[in-house]
2 protein chains.
Amino acid sequence: MKKNVLIVGAGGVAQVVAHKCAQNNDVLGDIHIASRTVEKCEAIIRSVHEKGAMKVDGVIEAHALDATDVAATTALIERTKSQIVINVGSAFINMPVMSACIATGAAYIDTAIHEEPDKVCETPPWYGNYEWKRREECEKAGVTAVLGAGFDPGVVNAYAALAREEYLDRIDEIDIIDVNAGSHGCYFATNFDPEINFREFTGQVWSWQNGEWTSNTMFERGKEWDLPVVGRQQTYLTGHDEIHSLSQTMNVPNVGFWMGFGERYITVFTVLKNLGLLSEKPVTTAEGQEVVPLKVVKAVLPDPASLAPDYTGKTCIGDLVKGEKDGQAREVFIYNIADHADAYREVGSQGISYTAGVPPVAAAMLIANGTWDVGRMVNVEELPPRPFLSLLADIGLTTWVREGEEDREIYGRTAGA
Amino acid sequence: MKKNVLIVGAGGVAQVVAHKCAQNNDVLGDIHIASRTVEKCEAIIRSVHEKGAMKVDGVIEAHALDATDVAATTALIERTKSQIVINVGSAFINMPVMSACIATGAAYIDTAIHEEPDKVCETPPWYGNYEWKRREECEKAGVTAVLGAGFDPGVVNAYAALAREEYLDRIDEIDIIDVNAGSHGCYFATNFDPEINFREFTGQVWSWQNGEWTSNTMFERGKEWDLPVVGRQQTYLTGHDEIHSLSQTMNVPNVGFWMGFGERYITVFTVLKNLGLLSEKPVTTAEGQEVVPLKVVKAVLPDPASLAPDYTGKTCIGDLVKGEKDGQAREVFIYNIADHADAYREVGSQGISYTAGVPPVAAAMLIANGTWDVGRMVNVEELPPRPFLSLLADIGLTTWVREGEEDREIYGRTAGA
């Protein structure tokens, strides 16, 4: 049994994490939020109080923290007696935060793969570049580290595990499909940190095909799907974290990730990329100033959190899994539908932040009650999926399955309660 | 009679100016080139020697100069005994360079209106904001200051004066049409300083309609023309320097400027502008760095000078002038055709730099021989157009007129020689 949660980061996802922790603070204990900019933590706490989100009386506190400073993070974990750290800060801080967890024995949860600021799209599998190198270190320290426990990666990994346990004897192909059919009303905006968003698409697109890493360029392979609720949607083969674990842990020959993009996104992305404005390498202006173009692009774009109040429409994210069951070909699509406006009403965030922020809290609760407190480093598909999906349904994300013409809710709010 | 020329600036246009001064150094005397980066001046001088451009033995020297430093510029003018200054540096240095000319009595020539870095598209007429405020000062000092003596503004102003003197008793409308039908082979590039290029189009589009300033937005009003040599071309109503003098000096009710744009330019411009990346106002990155987005865009785009070797195709720039002659409606299009590859062979620059760089040298030669040495501040249309157009034909830019179906060369190389 572990308790007291330190949330690192204060962006749109952290806002959802804080609200969900507050709604479940009977299980999770004290809540601490730390970020470079303490005012952002304080704003989140104000919003938690405004919504009356604290289930029981308890602690929720803001802290200023440079999370690249391992000693400072270690000290904060110790001082706050936090036994669970939910890292939803920038993807550049995963390794130092993990170090602080190993130093203190606190459980570690993140939602995206570690990145170094000056490198884009490293050799697959990406987890092998940083995270998995520390498996032994975690095991030795008995530290539970759950990697990629957002929606995708995260819930979609659990969907893959569920497909294996429940729907198929043999899996031939997993296609993860992520479509945001919502509208934010701006000329252009990314739904999470623009820097991380663009970095996903500027390098090679790695997918796992016939048991091998295959490289494409962005927007090279497109595919239209007819999806539940959101209907016909155009997507493109995209590099994404979960391919880099599912391909290694599941013994499946084909894993691909398909993300929905509108024409506007493609136009803006194409212009910025071709001009060199998405580069993470510094350029020098005529005046002699060294600047990373991508950071300037981030600075001019809307703050993703600012989109929430006017966001409408729904997201559909899921796994299309194909293979064989009892000697018969079988195909299931396991998915979630989230609504932007519903998310905003509940926690003051848009749907993308909501789907990313609820799962790490479920993971924290499963560590708190021991179910997932495995004392080593794991990806989500290596953990039992049913308690996770059941708990997710209770705290805001239901799971459906489409097979043939039929859509069925398999983890609903009441079913799991 | 004035001699010895100081060229301020070392970009693509300065390269053409240096070559043309060298080709006419029997008239112009010593040539000095000054810029912040002295290496760029030295590269230009090397290119002048490589082409054997010096007509007679003489001086051509490079100097490091911060042209915003009036005292330094004054000292350089005095030390080099320059009686004519051709300012083809950034549009931000016009006023300080003019101050140095007034201090020394040197004649001043520029090719674009003065701008302040932090302001875009000020109140019309633009010349009224900086240049014309100093008319009295120039008159008192007896300083010849020829404003906007490039191609447009510059030659097109002389075309307007010629139309008034030769073709029409009454002018109702002047449409200046600027089409670059050339191709540089890059995804995207501007033909001159991207910062100045984009600044032309980010503010309001001012035109002079029915004797009044009229404001449109960029790409709001399009028009296709069937032009000599380059054929059918799509253009858009654009704000441009010469509208701001012709409207005030010519007593003409309508002056508009139409610039040709391809689809690629419009797409890139629209994306950059809508995202805020063309802003001249600093933004702050997440890391706390203050950056002017437009300067970063400039830093990632190709150096316009680098386009020259592979540039093919032609430009067509001219004045469509409508009015009445001897009681009859009359319409003439006075124009020039320039060829990118020809320009590169002759002076190592592309056609846009060539058409902008030859005219200020013609102006300098007319000041040197006294024809244009008027001892006060003038715009080009206030000076006799014939000697200018005749000299331009001799040194590389011929003038044609289209009337009805007929195209006629009115200032050709031999005609004016």
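One caution before we start. This is a predicted model.

Let's take the interface first. How many residues of chain B are in contact with chain A? The count is 28, and they meet 28 residues of chain A. The area buried between the two chains is about 2300 Å². Carbon and sulfur atoms give 73% of that area. Three residues stand out on the chain B side. B:Y187, B:L275 and B:V300 supply 25% of the area that chain B buries against chain A.

One joins the side chains of A:E287 and B:K295, with N to O at 3.0 Å.

Which elements of chain B give two or more residues to the side that touches chain A? They are α10 (263-275), β13 (283-284), β14 (290-291) and α11 (293-300). By residue type, that side of chain B divides into 16 nonpolar, seven polar and five charged.

Next, salt bridges over the whole structure. Side chains of opposite charge can pair when their charged atoms come close. The search over all chains finds 38 salt bridges.

Start with B:K2 and B:D373. Their side chains meet at 2.9 Å, N to O. B:K2 sits in the segment before β1 (5-8), and B:D373 sits in the loop between α13 (351-368) and β17 (377-379), so this pair ties together parts that are 371 residues apart in sequence. Are these two residues buried or partly exposed? B:K2 is buried, at 16% relative accessible area. B:D373 is partly exposed, at 24%.

Second, B:E346 and B:K20. Their closest N and O atoms are 2.5 Å apart. This is a link between two helices of chain B: B:E346 lies in α12 (residues 340-347) and B:K20 in α1 (residues 12-23). The pair therefore ties together parts that are 326 residues apart in sequence. B:E346 is partly exposed, with 26% relative accessibility. B:K20 is buried, with a relative accessible area of 2%.

Third, B:E403 and B:R330. Here the closest N and O atoms are 2.6 Å apart. Now the partners lie in strands. B:E403 is in β18 (residues 399-403) and B:R330 is in β16 (residues 328-339), so the bridge ties together parts that are 73 residues apart in sequence. B:E403 counts as partly exposed at 27% relative accessibility. B:R330 also counts as partly exposed, at 23%.

On to cysteines. How many disulfides does a search of the whole structure find? It finds zero, over all chains. A:C186 is partly exposed, at 33% relative accessible area. A:C316 is buried, at 1%.

Last, two single residues.

Where does B:T238 lie? It is in the loop between β11 (231-237) and α9 (243-249) of chain B. Its relative accessibility is 0%, so B:T238 counts as buried. The side chain of B:T238 reaches the backbone oxygen of B:Y236 at 2.7 Å. Leave out residues up to four places away in sequence, and B:T238 touches B:F201, B:V205, B:W206, B:M218, B:I243, B:F257, B:M259 and B:F261.

Then A:G351. It lies in helix α13 (residues 351-368) of chain A. A:G351 is buried, with a relative accessible area of 0%. Which residues does A:G351 contact, leaving aside neighbours within four places in sequence? They are A:H340 and A:A343. From A:G351 to A:L76 it is 275 residues in sequence, and 31 Å in space, C-alpha to C-alpha.

How values were computed:
Residues numbered from 1 in each chain as written. Chains lettered and ligands numbered in written order. Predicted model: local features only at pLDDT ≥ 70, side-chain atom pairs only at ≥ 80, totals over all residues. Heavy atoms only, no water. Disulfide = S-S within 2.5 Å. Buried < 20%, exposed > 50% of the residue type's maximum accessible area, 1.4 Å probe, protein only. Contact = heavy atoms within 4.5 Å. Buried area = accessible area lost by both parts, 1.4 Å probe. Salt bridge = Lys/Arg side-chain N within 4 Å of Asp/Glu carboxyl O. Helix = DSSP H or I, 4+ residues; strand = E, 2+ residues; numbered from the N terminus. Nonpolar A, V, L, I, M, F, W, Y, C, P; charged D, E, K, R; others polar. Polar contact = N/O pair within 3.5 Å; in protein donor to acceptor, adjacent residues only side chain to side chain.
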